[in-house]
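Subject: Structure handover

Dear colleague,

Here is the structure we spoke about. My notes on it follow below.

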Amino acid sequence: MPGKGTPGRQARLAVIGGDGIGPEVIAVAADVLAAASHRHGLDLALDWWDLSADRYLRDGVTITGDERDRLVRDYDGALLGALGDPRVPDNAHTRDILLGLRFYADLYVNFRPCKLLIPALSPLRDPDPATDIVFFRENTEGLYTGLGGRFKAGTSEEVATQESLNTYPGVERIVRAAFEHAAATGRGRVTMVDKANALVHEGALWRRVFAEVGAGFPDITQDAMYVDAMAMDLVRRPERYEVVVTSNLFGDILSDLGAQVTGGLGLAPSGNINPGSWALFEPVHGSAPDIAGRGIANPLAAVGCVALALEYLEMHEAAADVDECIAASLRDGVTTPDLGGSAKTTEVGDWMAARLRD
Ligand code: NAD
Ligand code: IPM
Ligand code: MN
């Protein structure tokens with residue numbers, strides 16, 4: 001995984017609970033991080049930030065320019081629960097905070113691993129236990145830049161456009177990050193996903209860049225897939241895929257699919273990374289308003305974010321311990337109802353923190 005570039009024992013992280021189940025799962029993540037930090041003698045400072053729908057509805061502010069500056073300048077990175085609240089139907093605060101930080105800090109790698117830890121957790125009939133996919137989702141371009149607009153809004157003649165922005169440097173850096181990750185971790189295949197048969201302009205650019213960058217990695221098997229066929233194949237034979245690189249929207253959609261195939265959204269972490277600079281870690285899942293406040297949200301995706309953050313900070317032993325803790329909670333059945341267990345969110349957290357403190 002692309003890291004900070006400087007190993008050390010000290011770091012400062014901002015912790016943003018956000019909305020819905022976000023604060024519930026991120027509280028567990030912070031506990032587990034503190035326990036891992038204690039066990040490994042790390043010096044990790046955590047500061048809590050209130051960036052949320054509550055704050056927006058209370059103060060009319062999503063995130064200020066000064067807050068964005070300070071987050072990126074004064075911290076090595078951030079842990080975020082989730083953003084999204086039915087009281088903010090246009091998602092203004094999510095765009096400003098989450099997408100805002102992705103753009104502002106140029107977090108161009110959205111690193112989304114989907115590894116099948118326990119075959120029984122997959123809804124597939126006969127899942128291959130070797131299923132282990134890493135999505136490299138382009139995170140600063142594509143259909144997410146907000147380019148486009150509405151004309152005659154609110155009338156029966158309304159026109160809406162949403163443009164997909166793809167630049168050579170933007171595509172090149174995410175494709176290169178995917179190949180470099182494959183080479184560094186011994187993964188033998190990189191698959192690029194697009195829709196070049198219909199979206200011909202961006203498709204031509206992605207295919208050219210994939211071939212050009214791929215030429216530097218002759219030992220790695222390379223294939224290009226259309227996104228519709230890929231969605232099908234991720235269900236048919238997910239074990240075939242090792243590293244998948246794709247554009248912003250396709251990566252958003254396929255990473256939910258990959259998460260479900262390997263155990264569900266409750267298990268899937270992600271990192272928004274500008275290698276060597278700054279990173280924001282958040283579960284792939286959202287704020288789950290349907291279960292918020294009931295104490296049953298699965299905290300393992302958030303805990304997986306802790307492992308990714310430690311890995312990014314090059315605190316590898318602590319990262320491996322947190323990963324092992326996740327595997328142990330699955331093995332021992334200390335899980336929330338989405339995984340068939342009966343534990344509460346906090347009970348999973350307490351069990352993990354105690355295990356790390358032992
Ligand atoms: P969601 O991921 O919040 O929920 C989808 C389904 O998965 C729900 O049934 C939910 O209960 C379940 N689920 C999700 N996480 C879970 C967990 N940890 N444990 C147990 N069950 C879990 O997706 P949604 O309902 O489409 O979105 C809700 C809100 O979250 C929206 O406002 C959306 O924009 C936002 N969202 C935010 C992020 C983010 O901040 N990173 C990501 C995705 C969605
Ligand atoms: C994600 C989320 C976000 C995205 C939303 C909340 C804007 O779905 O992080 O996967 O689409 O990137
Ligand atoms: Mn998503």
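I start with a helix pair: the crossing of α9 and α10 is left-handed (the near helix is turned anticlockwise from the far one by less than a right angle; clockwise would be right-handed). Helices (H or I, at least four residues) and strands (E, at least two) are DSSP runs, numbered from the N terminus.

This is a predicted model, in which local features need pLDDT of at least 70 and side-chain atom pairs count only at pLDDT 80 or more, while totals for chains, interfaces and linings use all residues. Residues are numbered from 1 along each chain as its sequence is written, chains are lettered from A and ligands numbered from 1 in the order in which they are written, and side-chain values use heavy atoms, with hydrogens and water left out.

The axes of α9 (residues 300-312) and α10 (residues 316-331) come within 7 Å and cross at roughly 160° (axes are lines fitted to C-alpha atoms, for helices over the stretch in contact, and angles run from 0 to 180 degrees between N-to-C directions). The two helices are therefore roughly antiparallel, the term for angles over 145 degrees. Among the residues in contact (heavy atoms within 4.5 Å) are Val 303, Val 306 and Leu 310 in α9, which meet residues of α10 including Val 322 and Ile 326. This contact comprises 10 nonpolar, three polar and two charged residues (Ala, Val, Leu, Ile, Met, Phe, Trp, Tyr, Cys and Pro count as nonpolar, Asp, Glu, Lys and Arg as charged, and the others, Gly among them, as polar).

Now the sheet. It is open and mixed, with 10 strands in the order β2-β1-β3-β12-β11-β4-β5-β10-β8-β9; two strands pair if DSSP finds at least two bridges between them. At the edges are β2 (43-49) and β9 (221-226), each pairing on one side only. From one strand to the next, the twist averages 20°. Helix α6 (residues 200-214) packs on the sheet, touching β5, β8, β9 and β10, and its direction makes about 165° with that of β8. Helix α8 (residues 248-261) lies across β4, β5, β8 and β10, at about 160° to β5.

Strand β12 (residues 278-283) is joined to β3 (residues 77-82) by three bridges, and these two run parallel. Six bridges join β12 to β11 (residues 269-274), here antiparallel. Phe 281 stands opposite Leu 79 and also opposite Gly 271. Six of the six residues of β12 are buried, so the strand is largely enclosed by the rest of the structure (buried means under 20% relative accessible area, exposed over 50%, partly exposed in between, with a 1.4 Å probe and protein chains only). In the β11-β12 hairpin, which has three residues between the strands, Gly 276 takes a positive phi near 80°.

Regards

Methods. Parallel < 35°, antiparallel > 145°, perpendicular 65-115°, else oblique.
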